[in-house]
Amino acid sequence: MIRENKKYLDQDIIYQLLQNYGRIDELIVFASIMGDYEKVISYYINQDEVDMALNKLTEFASFADSNIIKKLTKIFLDNCNLFFKRNPKESISLIKQRLKDVKMGQIVQAIMSTTDKNKNMTNKELAKDKEQ
């Protein structure tokens, strides 16, 4: 029902109501339906659920058009330091499979700020792409 009528809904009011009544899970579902991807990803990052944030980015990107991919790319780049620190393999996978507009120069800082183990893992994932 929400999907069919979302153009008639006032997002801000619904967000306030859901938040005021502690209905955070419903707020995240509503934000997903409304295409407010930044709110969803920010929620998971703030809850220290970085893997879930990456999973949601991947999920959203799997059915997105080019305009949404641009928004998702911006969200990814805004948080890439955290993503690469927590899950470099999944971050590279997301870039290679879904966020293909991300340039290496945009993520070098994030890669360099990770642990040596994560740097090595990232380099291996990037090298796989060159081998193919």
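This is a predicted model: local features need pLDDT of at least 70, side-chain atom pairs count only at pLDDT 80 or more; totals for chains, interfaces and linings use all residues.

Start by selecting helix α8, residues 104-112, and show its side chains: Ile-107, Ala-110 and Ile-111 are the buried ones (buried means under 20% relative accessible area, exposed over 50%, with a 1.4 Å probe and protein chains only). Look down the axis of α8 and these buried residues fall within an arc of 100°, so they line one face of the helix (the arc is taken from the directions from the helix axis to the C-beta atoms).

Residues are numbered from 1 along each chain as its sequence is written, and side-chain values use heavy atoms, leaving out hydrogens and water.

Next, select α2 (residues 11-20) and α3 (residues 24-34). Their axes come within 8 Å and cross at roughly 160°, so the two are roughly antiparallel (that label takes angles over 145 degrees; roughly parallel takes those under 35). Which residues of α2 meet α3? Gln-11, Ile-14, Tyr-15, Leu-18 and Gln-19 do, touching Ile-24, Glu-26, Leu-27, Phe-30, Ala-31 and Met-34 (contact is heavy atoms within 4.5 Å).

Last stop: α4 (residues 37-46) and α6 (residues 66-86), packed at about 15° with axes 10 Å apart. These helices are therefore roughly parallel. From α4, show Tyr-37, Glu-38, Ile-41 and Ile-45; their partners in α6 include Leu-72, Ile-75 and Phe-83.

How values were computed. Axes are lines fitted to C-alpha atoms, for helices over the stretch in contact, and angles run from 0 to 180 degrees between N-to-C directions. Helices (H or I, at least four residues) and strands (E, at least two) are DSSP runs, numbered from the N terminus. Angles under 35 degrees count as roughly parallel, over 145 as roughly antiparallel, 65 to 115 as roughly perpendicular and the rest as oblique.
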